[in-house]
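Visitor: I would like to learn how to read a few features of a model. Could you take me through them one by one?

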Amino acid sequence: MRIMKNVLLVCGQGISSHLFLGEAKRVAETRQAPLHFSATSFAELTPELLAQQDLVLMAPQAAYRAQIEAYTTDLHVAVIPNDIYGWLNSEALVKFASQTLDLANTPAVASL
């Protein structure tokens, strides 16, 4: 039995995070990666939403916010690398999230 990990994509207005969302879900499902993606904007972040997450991935332009969030929560917060974000590379995003959560040893994820 594989435990799903919740990954929240966050950007300023929620537009780019939602662009990533559909394809990231498809890649995770195709690769059988135990990741459940959701997306939101900074304005929609709530303590309740954050409490449900295993990982919060923030857009590069929000790196300063990532530092603040990491210090104020017990969450694992990371910034999406520019090369992944700029190309909306969902394959690389799933791999990055998996590695960040130490899931890289999962056979389906290691093959990404």
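Guide: Gladly. Let us begin with burial: a residue is buried under 20% relative accessible area, exposed over 50%, and partly exposed in between, with a 1.4 Å probe and protein chains only. This is a predicted model, where local features need pLDDT of at least 70 and side-chain atom pairs count only at pLDDT 80 or more, while totals for chains, interfaces and linings use all residues. Residues are numbered from 1 along each chain as its sequence is written, and side-chain values use heavy atoms, with hydrogens and water left out.

Visitor: Is S90 buried or exposed?

Guide: S90 counts as buried, because its relative accessibility is 5%. This residue is found in helix 5; helices (H or I, at least four residues) and strands (E, at least two) are DSSP runs, numbered from the N terminus.

Visitor: Which residues is S90 in contact with, leaving aside its neighbours within four places in sequence?

Guide: Contact means heavy atoms within 4.5 Å. By that rule, S90 touches F20, E23, A24 and V27.

Visitor: How do I check the span of helix 1?

Guide: The expected span of a helix is 1.5 Å times one less than its number of residues. Helix 1 has 16 residues and should span 22 Å; its end C-alpha atoms are 24 Å apart, which agrees.

Visitor: Where is the kink in helix 1 centred?

Guide: The bend at a residue is the angle between axes fitted to the seven residues ending there and the seven starting there. In helix 1 the kink is about 30° and is centred on L21.

Visitor: Which residues of helix 1 are buried?

Guide: They are S16, S17, F20, L21, A24, V27 and A28. The buried residues of helix 1 pack against strand 1 (5–11), strand 2 (35–41), helix 4 (82–86) and helix 5 (90–100). By contrast, L19 of helix 1 (residues 15–30) is exposed, at 55% relative accessible area.

Visitor: How many salt bridges are there?

Guide: Side chains of opposite charge can pair when their charged atoms come close. The rule asks for a side-chain nitrogen of Lys or Arg within 4 Å of a carboxyl oxygen of Asp or Glu, and the count comes to two. One joins R26 and E23, whose closest N and O atoms are 2.5 Å apart. These two residues are separated by about one helical turn because they are three residues apart in helix 1. The other salt bridge is between R31 and E91, at 3.4 Å from N to O. This pair links distant parts of the chain, with R31 in the loop between helix 1 and strand 2 and E91 in helix 5, 60 residues apart.
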